[in-house]
Amino acid sequence: MAYPFTLPELTYPEDALEPVIDRQTMMIHRTKHHQAYINNLNKALEPHADLHSLCGGKLCRALSTLPESIRTAVRNNGGGHWNHKAFWTMLCPASQSGAPSPALAAAIDSSLGGIEAMKTKFGTAAASRFGSGWAWIVVKADKTLAVTSTPNQDNPLMSGFVEVEGVPILGLDVWEHAYYLNYQNRRPDYVSAFWSIVNWSEVSRRFADTTV
Ligand code: MN3
């Protein structure tokens, strides 16, 4: 059963992503911001027992079928929960970052023109997302990869609500709360530094799960 949702444990210490993501930013981001999405999601779903078996990803995919009275709350807070839960796993200490699997590397070459072109496209998506949101690499229905971005706590699972639909395998939070203490207005510096703490083994696993 998915409900009530709870804050997942990190698989690395709070300060393990320094200097890219400092301990205080990680602590506030996770225990205040992420926790608030969870609290608000639980509150919205409380009267809807028929939805309590759905995980965050299924809630996002089913958004258009949810009762209108909770659709916006689930969009913002179910999205907020799924996005952050996935994000923490997509990161790891720089010493463990590794590299894309051969299958993922081949898909990056064929769909995105190689790893450097991928980073450029992703950086542009992250930098040009006006206001708050996320940058993503997704696997589309035709199994090709695409780079996209979404506003607020939307994600590419939200069928009917986003420009590019697909299964995210890598995401980057570009809300100011994700980087402001360390980078202030320098979002592009945060985006560049992010590559050194990408958990490529987890991203490759997500890619493999999506393409089987
Ligand atoms: Mn965030």
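This report describes a metal site, a helix, a strand residue and a pocket in one protein structure. The model is predicted.

## The manganese site

A manganese ion is held by four named protein donors: H29 (NE2), H84 (NE2), D173 (OD) and H177 (NE2). These donors lie 1.9 to 2.2 Å from the ion. Along the sequence, the donor residues follow the spacing H-x54-H-x88-D-x3-H.

D173 has a relative accessible area of 0%, so this residue counts as buried.

## Helix α4 and its two sides

Helix α4 runs over residues 102–112, and its buried residues are L104, A107, I108 and L112. Because these residues cover an arc of only 105° around the axis, they sit on the same side of α4. P102 and S110, on the other side of the helix, are exposed.

Just after α4 comes G113, which takes a positive phi of about 80°.

## L145 in strand β2

Strand β2 spans residues 145–151 and includes L145. Is L145 buried or exposed? Its relative accessibility is 4%, and therefore L145 counts as buried, the cut-off for this class being under 20%.

Which residues does L145 touch, leaving aside those up to four places away in sequence? Its contacts are L104, A107, I108, S111, L112, I137, V138, V139, I169 and F207. Among them are L104, A107, I108 and L112, which are the buried residues of α4. The contact list of L145 also includes I169 and F207.

A further distance relates L145 to M118, which is 27 residues away along the chain. The C-alpha atoms of L145 and M118 are separated by 9.9 Å.

## The largest pocket

The largest pocket has a volume of about 390 Å³. Its lining consists of 19 residues, of which C55, G57, W82, K85 and R206 are the closest to the centre of the pocket.

Helices α2 (56–61), α3 (68–90) and α8, together with strand β3, each supply at least two residues of this lining. Which element gives the largest share of the lining? Helix α3 does, with five residues. Sorted by class, the lining of the largest pocket has seven nonpolar, six polar and six charged residues.

Terms used: Residues are numbered from 1 along each chain as its sequence is written. This is a predicted model: local features need pLDDT of at least 70, side-chain atom pairs count only at pLDDT 80 or more; totals for chains, interfaces and linings use all residues. Side-chain values use heavy atoms; hydrogens and water are left out. Helices (H or I, at least four residues) and strands (E, at least two) are DSSP runs, numbered from the N terminus. Buried means under 20% relative accessible area, exposed over 50%, partly exposed in between (1.4 Å probe, protein chains only). Contact means heavy atoms within 4.5 Å. Donors are N, O and S atoms within 2.8 Å of the metal (3.2 Å for Na, K and Ca); water is not among the atoms, so sites may look incomplete. The arc is that of the directions from the helix axis to the C-beta atoms. On a 1 Å grid over the protein atoms alone, a cavity is a set of points where a 1.4 Å probe fits but cannot get out, and a pocket is an open set with protein on both sides within 12 Å along at least five of seven lines; lining residues have an atom within 4 Å of a point. Grid points are joined across faces, edges and corners, and a volume is the space filled by probe spheres set on the points. Ala, Val, Leu, Ile, Met, Phe, Trp, Tyr, Cys and Pro count as nonpolar, Asp, Glu, Lys and Arg as charged, and the others, Gly among them, as polar.
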